[in-house]
Structures are given as structure tokens and as C-alpha cells.
Amino acid sequence: MPHVVVVGAGQAGASLVAKLRAVGFEGQITLIGAEKVPPYQRPPLSKAYLLGEMAEERLYLRPAEFYADQDITLRLDTRVTGIDSAAQTVTLSDGETLAYDELALTVGAHPRTLPAAIGGMLDGVLAVRDLSDADAMAPAFTAGKRVLIIGGGYIGLEAAAVASKLGLQVTLVEMADRILQRVAAPQTSDYFRTLHKSHGVDVREGVGLDRLLGDDHVTGAILTDGTELAIDFAVVGVGITPATILAESAGVDVGNGITTDSHGRTSDPHIWAAGDCASCLFGGQTIRLESVGNAIDQAEAVAVNIAGGDQPYKPKPWFWSDQYDCKLQIAGLNIGYTDVHVRMGDAPGVQSNWYYKGDTLLAVDAMNDPRNYMIGKRLIEAGRSPDPALITDPATDMKALLKP
């Protein structure tokens, strides 16, 4: 009986094993996770869970008994310490060796940390990537405390929103010229800068961290402009790094993450990869998509192919972020955009920014505008690009753009 071993019990790993059973795979399945809890959602960790609005059990993707019911062996609190690709075995942290016929790596990514030389290892310097991070962070989020958020990407902005809502004094620094510079247009940056400032967040752009201060626990920070801040703790949100060490140890090709072909297979014919750790092909480029949608869709395609199918993975990028009472929804990828066309909504705070490369619609950022998000998503996936003049005209019936 064939044995599929899946390393990494996050969104991608959980989706992969469930899909294997759904498509009729009858062999043995083992899902190995380093954490002590069943696979769970990560996005709410920096939002609803940290705010105390979601219990731990509601994070779980499926009830723990699902895995037993589906004859899936779930090995929690267990790490894979090595892969012998020639022998087709994995070695576990308890010394046990498991043989596999097909191996899938869904090991995710790690938050980037600050160097110890500038105080990155001090107590009170926090990052949020998993449940234990969020649990460790929660006691610090107490009204009146002073927090420095390092990084003006979505993780940093979400942490700032939670801290502000809980009554903390929040300073956010972004070394680039503007927040969200790497991922969004100036118009989207402007929207979220205004939003955060309206909630009392001190947003400082073009200013980085020089070093953190303190003996054991962080007590302050010196910024690159010479400003010194007194703080109670810091949250680091400066991006993530794909977890590739296991793949490298197995001799698998690694570039921007674990390199995969259009079916999710690595350079080793019996090793597959999906999720934040893995690359994929999109628009003739090799990219990595750090999103729940990609983790699910790529993992499910890999499952179909492991089970003997022939399903190329064709990404349909979408993302979201919750900050205060704003829901940002993003469809498509704005890589290479040349123009941004703004459609204002009929209520305060409602706006959508439409990215074009020449005459081609690439992506949409929709703020509190779910209807235009869905219209944009459908247009992008259909390869259709309306005249930008129609997008910006408030009189345009946007649904009519979907008609043939």
C-alpha cells in the first residue's frame, strides 16, 4: 500500500491530506506537524485571536477527530530532522524513521528576525507566525503600554491596528519611503496611512530602526533619524523566509523557495511542495505566493497529482487584510503595473484601486468594497480588461462590465 508522508501541518498540509482522501486515494497518509495542536488558521492570529475575539478551538481547520475518521495519521509535536531521498525515508525528532512512496513538503516560512547585535534577541521583541507566538504576545497588549511596530507591510499594519484598538500607544516605523511600498500602489499606501493616523498610530516613513535598547528586556529604541523612543515591547514585521532547509538537505532544487514544476513536483520525482515554502509558475515567471488561497489551491493540485491525476496548478491570486473596520481584498498580482485607476465608493472609506499594465488589468485593491472586488476578480480571471475610463466613472454600472 503506497505511503504519502506530508511534512508541515499548516493550511497547505491539512488541505493536501484532506484532498487526497476526497479524490479517492486509499493508501497510507501521515501528516507530521511540529506544533502540539491540530492544523489551524494563521491569519486570525494577528487579528481576531490577538484581540480575544476568537477562541483557540475556532482556529482549528477541522476537528481533531477528522483525521482519525479519514484514516490519516496525525503526528503532532514532531519534527522531521532529515530526509534520505535515495532510501525514500524521513527521520523524526524522536529518532524514528518513516518510509515514504511520495513525500510532500508543506513546511511554510519563518518570520525574519532582527540581528542580536541591534537588540533583536532581547525579551519583549516579538513576532507573530504561529499560535505560541500569539499566546506569548497577548499579555503585552495591555492598554497604556508603548509598542514599536517595525515594518509597514500588512503584518505590521495588522499588529498596529490590534494594538491601537486595545488602547496601546503605537509607533510604527517603515524604512522605505512609504508603508506597503513593496506590495501596493501609493494610492493604497495613502489610504492605510490615513486610516492608521485617524486611530492615533504614529506612522513614521523613511525611518528605520538603528537599534533596540535594554539589558535583558527591551526598554527603548533608537531610530535611524536619531530619535530615541521609550517602549515596553516591540513587534517585528519585516517579512518571512521560506523554510527550505529540509529540501536542501534532500538535494532538492531551491531558488525562490522550493522549486516546483507546474504540477507541484520538485526536482526529485517523489518529492512535492506547496504553500509558502514553494514556488509556482505565474505569467511566465517563477514566484512565491504567501497567502491562504495559494496554500489551499496549490496543495489540492499536488494531492490530485500524487493520486495519479494530471492537474497543472494555475494560480488565481487573492489576498485579504483586516484593519480596524476596514476589510482589504486583493485580486490578481500587480507585478509590472504602469497605471493605477481609482474608483471611489458611495460611502466614506469605500474605494478600489485598479492596476493596469498598459491596457491590461492586472489587479484590484478593494477597501470595504466587496462587490467591486468580486467584479475585478472575475474580470482578471477571465482575462478581460475594461477601459479604465469606465472604471473611474461613478456612473458606470460595474456589473455590466462582466457581460460578454
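Strands count as paired when DSSP finds at least two bridges between them. Strands (E, at least two residues) and helices (H or I, at least four) are DSSP runs, numbered from the N terminus. The model is predicted: local features need pLDDT of at least 70, side-chain atom pairs count only at pLDDT 80 or more, and totals for chains, interfaces and linings use all residues. Residues are numbered from 1 along each chain as its sequence is written, and side-chain values use heavy atoms, without hydrogens and water.

View 1. Strand β26 covers residues 351–357.

View 2. Strand β25 spans residues 339–344. Six bridges join β25 to β26, and the two run antiparallel. Look for V340, which stands opposite Y355 in β26. Six residues lie between the strands of this hairpin. In the turn, G349 has a positive phi of about 85°.

View 3. W354 stands opposite V364 in β27. Two residues lie between the strands here. G358 takes a positive phi near 65° in this hairpin.

**View 4. An open sheet of five strands.** The order is β3-β2-β1-β7-β20, and the pairing is parallel. β3 (72–75) and β20 (271–273) stand at the edges. Each has a single partner strand, so one side of each is left without a neighbour in the sheet. The twist averages 20° from one strand to the next.

**View 5. Strands β2 and β3 side by side.** Strand β2 covers residues 28–32. Four bridges join β2 to β3, and the two run parallel. T30 stands opposite T73 in β3.

**View 6. Helices packed on the sheet.** Contact here means heavy atoms within 4.5 Å. Helix α1 (residues 11–22) packs on the sheet. It touches β1 (3–7), β2, β3 and β7 (102–105). The direction of α1 makes about 170° with that of β2. Helix α8 (residues 292–306) also packs on the sheet, touching β1, β7 and β20. Its direction makes about 155° with that of β20. Angles run from 0 to 180 degrees between N-to-C directions, with axes fitted to C-alpha atoms, for helices over the stretch in contact.

Notes:
Buried < 20%, exposed > 50% of the residue type's maximum accessible area, 1.4 Å probe, protein only.
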